[in-house]
Amino acid sequence: MIERNEIMKLLPHRPPMLLIDCGELKEGVSICYYTVRGNEFFLQGHFPDNPVVPGVIQCEMMAQASCLLFARNEQSIDNPKTPYLTGLDKVKFRSKIVPGNRIELRSELTKQKAPFYFTKCSASVDGKLACTAEISFALI
């Protein structure tokens, strides 16, 4: 399991925008986790007395999980690269995510032609699908 301190060596994100607690790479799939604590900045007004993780934050979580797929192969101390989101496609929200939920984020690389990378992603809670998307990046 890749812990948060190691993830911070691989990704440029920092709190409060680092939205992965831990992760692993298994047979070409990135599997990451994030527990919604309830005090996150994105819940403060979304929605009062009924906090729900915004869809755009769910997409960001899946994007960060995707970055682990190519971070180890493409990053080096001498030539650091930053992953920039270039597209979201076929995004579907299927169920809400609320405080206390532990989100499982899965991402699989479907195509690459440097500097572009394409992934298929999902976010689920307790085995129930919450969100799916196809996400593309440029590593610059």
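The points below treat the sheet, the core, the cysteines and the salt bridges in turn.

This is a predicted model, in which local features need pLDDT of at least 70 and side-chain atom pairs count only at pLDDT 80 or more, while totals for chains, interfaces and linings use all residues. Residues are numbered from 1 along each chain as its sequence is written, and side-chain values use heavy atoms, with hydrogens and water left out.

**The sheet**

- Helices (H or I, at least four residues) and strands (E, at least two) are DSSP runs, numbered from the N terminus.
- Two strands count as paired if DSSP finds at least two bridges between them.
- Seven strands form an open sheet with antiparallel pairing, in the order β1-β2-β3-β5-β6-β7-β4.
- The edges are taken by β1 (2-3) and β4 (83-93); each has a single partner strand, so one side of each is left without a neighbour in the sheet.

**Strand β3 and its partners**

- Strand β3 (residues 29-35) pairs with strand β5 (residues 102-113) in the antiparallel sense, over seven bridges.
- Within this pairing, Ile 31 stands opposite Arg 106 in β5, and Tyr 33 stands opposite Glu 104 in β5.
- Strand β3 also pairs with β2 in the antiparallel sense, over five bridges; here Lys 26 stands opposite Val 29 in β3.
- The hairpin of β2 and β3 has two residues between the strands, and Glu 27 there takes a positive phi near 50 degrees.
- Gly 28 is placed in the loop between β2 (22-26) and β3.
- Contact means heavy atoms within 4.5 Å; leaving aside residues up to four places away in sequence, Gly 28 touches Leu 69, Ser 107, Glu 108 and Leu 109.
- Gly 28 and Lys 120 are 92 residues apart in sequence, and 12 Å apart in space from C-alpha to C-alpha.
- Buried means under 20% relative accessible area, exposed over 50%, and partly exposed in between (1.4 Å probe, protein chains only).
- Strand β3 is mostly covered, as six of its seven residues are buried.

**The nonpolar core**

- A nonpolar core is a set of buried Ala, Val, Leu, Ile, Met, Phe, Trp, Tyr and Cys residues joined through side-chain atoms within 4.5 Å.
- The largest such core has 37 residues, of which Val 53, Met 61, Met 62, Ile 103 and Leu 105 touch the most other members.
- Two or more residues of this core come from each of α1 (4-10), β3, α2 (55-74), β5, β6 (116-125) and β7 (128-139).
- Helix α2 gives the largest share of this core, eleven residues.
- Not counting residues up to four places away in sequence, Leu 105 touches several residues, including Leu 19, Ile 31, Cys 32, Met 61, Met 62 and Ala 123.

**The cysteines**

- How many disulfides (pairs of cysteine sulfur atoms within 2.5 Å) does the whole structure hold? The search finds zero.
- Cys 32 is in no disulfide, and its nearest cysteine sulfur, that of Cys 22, is 7.6 Å away; Cys 32 is buried, at 0% relative accessibility.
- Cys 131 is likewise in no disulfide, and its nearest cysteine sulfur, that of Cys 59, is 4.8 Å away; Cys 131 is buried, with a relative accessible area of 0%.

**The salt bridges**

- A salt bridge is a side-chain nitrogen of Lys or Arg within 4 Å of a carboxyl oxygen of Asp or Glu; by this rule the count comes to five.
- Asp 21 forms a salt bridge with Arg 4, with the closest N and O atoms 3.4 Å apart. This pair links distant parts of the chain, since Asp 21 is in the loop between α1 and β2 and Arg 4 is in helix α1, 17 residues apart.
- Asp 21 is buried, with a relative accessible area of 15%, whereas Arg 4 is partly exposed at 27%.
- Arg 37 and Asp 21 also meet in a salt bridge through their side chains (2.8 Å, N to O). Arg 37 lies in the loop between β3 and α2 and Asp 21 in the loop between α1 and β2, so the pair ties together parts that are 16 residues apart in sequence.
- Arg 37 is partly exposed, with a relative accessible area of 49%.
- Lys 9 forms a salt bridge with Glu 6, with the closest N and O atoms 3.7 Å apart. These two residues, Lys 9 and Glu 6, are three residues apart in helix α1 and are separated by about one helical turn.
- Lys 9 is exposed at 64% relative accessibility, whereas Glu 6 is partly exposed at 28%.

Terms used: A disulfide is a pair of cysteine sulfur atoms within 2.5 Å.
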